[in-house]
Number of protein chains: 2
Amino acid sequence: MTDAPFHIGFVLFPGITQLDFTGPLQVLHRLPGARVHLASKTLDPLPSDCGLDLVPNTTFDACPQLDLICVPGGFGVDDAMRDAAVTGFLKAQAEAARYVASVCTGAFVLGAAGLLAGKRATTHWAYHGDFATVGAVPVKARVVRDGAVFTGGGVTAGIDFALTIAAEIAGEDVAWAIQLSLEYDPAPPFDSGTPDRVPETVRSGVDARYAPRLAAFREALRDAGFSPSDS
Amino acid sequence: MTDAPFHIGFVLFPGITQLDFTGPLQVLHRLPGARVHLASKTLDPLPSDCGLDLVPNTTFDACPQLDLICVPGGFGVDDAMRDAAVTGFLKAQAEAARYVASVCTGAFVLGAAGLLAGKRATTHWAYHGDFATVGAVPVKARVVRDGAVFTGGGVTAGIDFALTIAAEIAGEDVAWAIQLSLEYDPAPPFDSGTPDRVPETVRSGVDARYAPRLAAFREALRDAGFSPSDS
């Protein structure tokens, strides 16, 4: 007996934070019947944020109807939000997909496609302040579900998100087995994964590095027709 | 002022469990001065375990001397252990590298290259029983350091491993900032990341799926000149 195919798609574009994508991919690929579609405009490899090119295996035009569609985040979101090829693909797929999802700032691309209107959702901690502008009801949590919309927080939250939706799709015993095979029993050597618990000097250093990125991001939001804060 | 270059290399081969590689890559790429080398025999994209091809950015021959060399695991380890191009590259790099490292079953490739003789080290939980045969002193832990050799456990342990070595290389404040930027405050939805804490039915199902893999793996160990158990 074979499992019924379950079509999982990731939306790829240049400048993805690769772990936003590769963490959930590792989990979801192990679902029974999983068919993984890595969709982009073309089949050309795409630069990620950390030296690894990402290779699509299908195009937006060729991709079949997906059961689950997931958008990763990263600095490339600035352009992806304003790219009608990306948002159009998302809108069209979302009409018949069972689940619509994002990790990290990929949530803003969902928002730009009009898929977060009135939906409780999460994103990377540094971007929560601008999240309502794309229609979301921001929730500071690692994984948020609102009906068919599942969102994960920043980067590594994608693993928790993926196990959550894996259980929804295939049952908890399947999710447990995947978690065991991936030895996901995290033991961070430091307790600095949220802005509330790091020393002020570390927080201010990270904030300083994000500042120019956030300025460019808000400009992209404006270009995409939204009204972010000016701070 | 710019940071001094710090050369980080990952050894790529077909059949890597991609998160073994992409988790640490996401962390280590953010080290000050990081230069990332994704080295393989050729520049051709390599199939991973989950539908994503991995694209090298250098070859074993062209790769400069590395400061840190890391070997990911996966089912491709069976062939990598027996591949003199892989083990030869590791041996040559290890002579002058500051740190030699692995994630998951990548530890067996280090072992096959003679780099774990008498070293305390860890690997994926399902493979600990055969670990001593390649010379390691097996330690059941998520991250193990023995001098210049750092090893991580199965798959997701690579993130904890990478933050540990990031602090060693660049200081804890740098590791804290990286952890914050990646929002690594894990909250697994289930407590099934180790074999000790899953229901027996889940454990036995995973064991049954691993059984043929382990049989092939032990055959590969024998081919590589080691003496695994027969169980």
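What percentage of the 231 residues of chain A count as buried? I began the notebook with this point, keeping in mind that the model is predicted, and I found that 61% of the 231 residues of chain A fall in the buried class, where buried stands for under 20% relative accessible area.

I then looked up the secondary structure and noted that chain A holds seven helices and eleven strands. For the overall dimensions I read a radius of gyration of 17 Å for chain A, close to the 17 Å that the globule rule gives for 231 residues, so chain A is as compact as a globular protein of that length. Along the principal axes, the C-alpha atoms of chain A fill a box of roughly 55 × 40 × 35 Å.

Turning to contacts, I took those in chain A with a separation of 6 or more, and noted that 64% of them are made by residues 24 or more positions apart.

For the surface of chain A I recorded an accessible area of about 8,300 Å², with 51% of that area belonging to carbon and sulfur atoms. I also went through the charges, and chain A carries 17 positive and 26 negative side chains, the centres of the two sets lying 3 Å apart.

My last entry concerns the two copies. Chain B is superposed on chain A by a rotation of 180° with 0.0 Å of shift along its axis, at an RMSD of 0.0 Å, and I wrote this down as the relation of a two-fold axis. I noted besides that the same surface serves both copies, since 100% of the contact residues of chain B recur in chain A.

Definitions and conventions
Residues numbered from 1 in each chain as written. Chains lettered and ligands numbered in written order. Predicted model: local features only at pLDDT ≥ 70, side-chain atom pairs only at ≥ 80, totals over all residues. Heavy atoms only, no water. Helix = DSSP H or I, 4+ residues; strand = E, 2+ residues; numbered from the N terminus. Rg over C-alpha atoms; globule rule 2.2 N^0.38 Å. Buried < 20%, exposed > 50% of the residue type's maximum accessible area, 1.4 Å probe, protein only. Contact = heavy atoms within 4.5 Å. Areas by Shrake-Rupley, 256 points an atom, 1.4 Å probe, with all protein chains shown as cover. Lys, Arg positive; Asp, Glu negative; His and termini not counted. Charge placed at Lys NZ, Arg CZ, Asp CG, Glu CD. Least-squares fit on C-alpha atoms with pLDDT ≥ 70 in both.
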